[in-house]
Amino acid sequence: MASSCCGTKKQKLNNYASTNGISMNTGSSSVGGGGYSNHNHHHHNQNNHHHHNHNNRQPQDRNAVMTNGHHSYHNGGPLPPISNGLPPMEQIAVPDMCFFCFEVLYCELNSIDGPSDPCFTNDPYPLFVTWKIGRDKRLRGCIGTFSAMHLHSGLREYAITSALKDSRFSPITREEFPRLTVSVSILQGFEEARGYLDWTLGVHGIRIEFLNERGCKRTATYLPQVATEQGWDQTQTIDSLLRKGGYRAAITPDTRKSIKLTRYRSQEIQMSYNEYRELSERQAQYGKVQC
């Protein structure tokens with residue numbers, strides 16, 4: 001299931017601002033509202049995924065930073081986890097994944113054969129790829145899937161899909177390539193919550209299912225960082241997410257209690273074009289590290 005993510009700008013929503021969310025469709029129902037555009041699904045030919053569609057041989061770059069729901073990595077080593085009572089997650093997201101996405105997009109934009117498979121793990125995970133541009137890191141595309149995909153093919157696919165097929169934006173061009181930053185988010189630890197408040201701010205991403213005022217099933221999600229970036233509490237986050245998912249009626253306590261909520265955690269790694277170019281030049285000078 002493919003999902004577009006990340007709002008293009010903040011908008012007031014029930015007196016709250018809304019941004020950086022993920023809009024998604026389930027079945028025939030659509031998700032919109034809150035300044036988030038729906039993404040038209042295309043079909044993948046395997047694993048029932050919707051909308052799919054230079055070798056990276058360099059070890060982790062010392063300048064890349066990884067964040068997730070409870071701990072971060074910098075300079076190649078783990079920082080102490082935030083004290084939230086949750087066990088640390090296995091490190092999955094690595095800078096090589098961002099490098100690979102840059103390579104894939106470069107080849108696509110220049111109509112040359114794509115890179116061969118990279119060295120990082122090919123285990124299946126839900127994932128999102130986000131492209132931003134400029135010093136202010138303005139969103140240029142963000143699409144992913146909640147269905148687990150093998151990372152080599154999944155990142156290869158969504159690096160292109162998020163750059164060229166996010167319906168909210170025109171496709172990224174070759175001229176824009178040197179101004180890009182890419183982020184890869186790997187999702188883990190999905191759990192059905194016991195209620196709409198059974199999750200932790202700054203730790204969990206949340207995905208909600210609900211019936212709109214017409215009785216149609218809708219879904220919407222926010223990655224873990226969204227609520228804290230916006231300064232929302234849990235109820236504000238839920239209300240914003242309902243609006244983003246297309247709920248137009250008054251939001252009451254009963255509305256919130258009727259939500260089915262799934263919580264999850266995320267690892268995010270990002271890389272700028274300058275960091276990508278530095279790694280490329282290093283590989284050209286010293287050669288690629290073979291798997």
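Rings of Phe, Tyr and Trp are counted as a pair if their centres lie within 6.5 Å. In this predicted model, F99, F102, Y106, W131, F177, Y273 and Y276 form one aromatic cluster under that criterion. The count of aromatic pairs comes to 16. One of them joins F102 and Y273. Their ring centres are 6.4 Å apart, and the planes make an angle of 65°. The geometry is edge-to-face, because planes over 60 degrees apart are classed that way. F102 lies in helix α1 and Y273 in helix α6. The two residues are 171 positions apart, and the pair links distant parts of the chain. F102 and Y273 are both buried.

The protein chain has an average pLDDT of 77, and 69% of the residues reach at least 70. Residues 7-83 fall below 50. Even so, this stretch has 266 contacts in the model beyond near neighbours in sequence.

The nonpolar interior was examined next. In soluble globular proteins, nonpolar side chains tend to be buried together. Here the largest nonpolar core holds 38 residues. M97, F102, W131, L155 and I186 have the most contacts inside this core. At least two core residues come from each of α1 (95-109), β8 (124-133), β9 (138-150), α2, β10 (180-192), β13 (260-272) and α6 (273-286). Helix α1 gives the most, with 9 residues. A second core is separate and has 23 residues, including A193, I208, L223 and L241.

Helix α2 covers residues 151-164. At 1.5 Å a residue, its 14 residues should span 20 Å. The C-alpha atoms at its ends are 19 Å apart, which agrees with that expectation. Of these 14 residues, 11 are buried, so α2 is largely enclosed by the rest of the structure.

Charged side chains were then considered. Side chains of opposite charge can pair when their charged atoms come close. The model contains 9 salt bridges. E176 pairs with R140, with 2.9 Å between the closest N and O atoms. E176 sits in the loop between α2 and β10, whereas R140 lies in strand β9. R168 and D166 form another salt bridge, with an N to O distance of 2.6 Å. These two residues are also buried.

An α-helix has 3.6 residues a turn, so residues three or four places apart point the same way. R282 counts as partly exposed, at 24% relative accessibility. E278 is likewise partly exposed, at 28%. Salt bridges also form a network, which links E191, R194, D198 and R263.

Conventions. Residues numbered from 1 in each chain as written. Predicted model: local features only at pLDDT ≥ 70, side-chain atom pairs only at ≥ 80, totals over all residues. Heavy atoms only, no water. Helix = DSSP H or I, 4+ residues; strand = E, 2+ residues; numbered from the N terminus. Expected span 1.5 Å × (residues − 1). Buried < 20%, exposed > 50% of the residue type's maximum accessible area, 1.4 Å probe, protein only. pLDDT = per-residue confidence, 0-100. Contact = heavy atoms within 4.5 Å. Core = buried A, V, L, I, M, F, W, Y, C linked by side-chain atoms within 4.5 Å. Salt bridge = Lys/Arg side-chain N within 4 Å of Asp/Glu carboxyl O. Phe/Tyr/Trp six-rings, centres within 6.5 Å; stacked < 30°, edge-to-face > 60°.
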